[in-house]
Protein chains: 2
Amino acid sequence: MSTRIVEVRKGILKKNDELAAALRGRFGAAGVYTVNLVSSPGTGKTAFLERTLSTLRERGLRTAALVGDLETDNDAQRLARSGVPVRQINTHGRCHLEAEMIGTHLEGWTLDGLDYLFIENVGNLVCPASYDLGEQLRVVLMSVTEGEDKPRKYPGIFNSADLAVITKYDLAGPCDFDLAAASANIHAVRPGVAILTTSAKTGEGMDAWLDALAGLRARGA
Amino acid sequence: MSTRIVEVRKGILKKNDELAAALRGRFGAAGVYTVNLVSSPGTGKTAFLERTLSTLRERGLRTAALVGDLETDNDAQRLARSGVPVRQINTHGRCHLEAEMIGTHLEGWTLDGLDYLFIENVGNLVCPASYDLGEQLRVVLMSVTEGEDKPRKYPGIFNSADLAVITKYDLAGPCDFDLAAASANIHAVRPGVAILTTSAKTGEGMDAWLDALAGLRARGA
């Protein structure tokens, strides 16, 4: 039985990879830099994205967002307040986004003229690691409230990320968060990856994150 | 393709349900009350369980624990400090525990004379909902740092739980946590379920939790 599951999963992943490659080509042609945000539920992806969208708007950049959840359009409603185009993807029980869902939810949208497209994945530290969404950059978020050892417990998703962001840094004190230990754990599973600290609440670290993003986009990394 | 996945999954779940029923019979015969703890990664399941085990020990009760993670035996090491038998289950990529893993990891253990067996599931708000582990009680944990709307976004796991525990309550202030809103969201997906607030750090609410647990065990609920 378990062999069969693996085969079915491989089949799904192969199809997903093909669709993701096509999406990546489309994003490249339109000149839009696409970012896939992955994390545990409750890491603060939506608050981080909300502040990211509004700050990029102040900088005169054009953005859009797709947000995944099993149910509800709470996040799309929150993000729409940033004044940018947002669409909710409801997975109805699936624990991750897939490339096909991205393609479907981009229908009717013009990507030309867009600087950034953000995809907020379903909150899950396991399965989203395996699904390429055609993004140019995968960012893993981890909050100071989650415990410094998460990268070692969920190595797959940290290993698949191009950048790590530590969120809710305003709570680092009350949570006795140990940045050196967390960084060492991230680097143990993803050597050399850049690690940024942010607080969507206070704004701390948001400019550094957006500068880093602009640099990556400029280099086409 | 998607039909085939559903069929394979149904086959797995049927097999899992059979194994879970056998485990439940075994737990009942041995007089051990088994509790399955489910939550997002970083909700503080291990800290909660650590304090639960040491307090039950002080109360003269005999406990044991099985703890699930993709990788590492960090949690088993932490929990072993409570002086109770603990075994780590590494799922190596699986995002949930299954009944078969429980059976395998109980080998060589005598359940007779044990009052409670705790199972700490893999941190994940989606797939653990579908896998019965033979437990008598399923407890969903949610921390004050995660956002009050998690139950609506992940209704399956909250709906499958017999009891809800809100953790890290010492951080409720710094997190502007709204207990009434969180409770309303839990009750929207699981009407009438009991909701407790706890802090493993300060000990707040731990006695109430253990009293509730003793009551449930006594009633065989």
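Predicted model: local features only at pLDDT ≥ 70, side-chain atom pairs only at ≥ 80, totals over all residues.
**Exercise 1.** Determine why the radius of gyration of chain A agrees with that of a compact globule.

*Solution.* For 221 residues, a compact globule would have a radius of gyration near 17 Å; the value for chain A is 17 Å, and therefore the two agree. The extents of the C-alpha trace along the principal axes are about 50 × 45 × 35 Å. Among contacts in chain A with a separation of 6 or more, 73% join residues 24 or more positions apart.

**Exercise 2.** Describe the strand order of the open sheet in chain B and the helices that pack on this sheet.

*Solution.* First, the order of the 7 strands is β3-β2-β4-β1-β5-β6-β7, with parallel pairing. Next, β3 (86–90) and β7 (194–197) of chain B are the edge strands, each pairing on one side only. On average, neighbouring strands are turned by 20 degrees against each other, direction ignored. Helix α2 (residues 45–58) of chain B packs on the sheet and touches β1, β2, β4, β5 and β6 of chain B; the angle between the directions of this helix and β4(B) is about 170 degrees. Finally, helix α8 (residues 206–219) of chain B lies across β1, β4, β5, β6 and β7 of chain B, at about 115 degrees to β4(B).

How values were computed
Residues numbered from 1 in each chain as written. Chains lettered and ligands numbered in written order. Heavy atoms only, no water. Pairing = 2+ DSSP bridges. Helix = DSSP H or I, 4+ residues; strand = E, 2+ residues; numbered from the N terminus. Axes fitted to C-alpha atoms, helices over the stretch in contact; angles between N-to-C directions. Contact = heavy atoms within 4.5 Å. Rg over C-alpha atoms; globule rule 2.2 N^0.38 Å.
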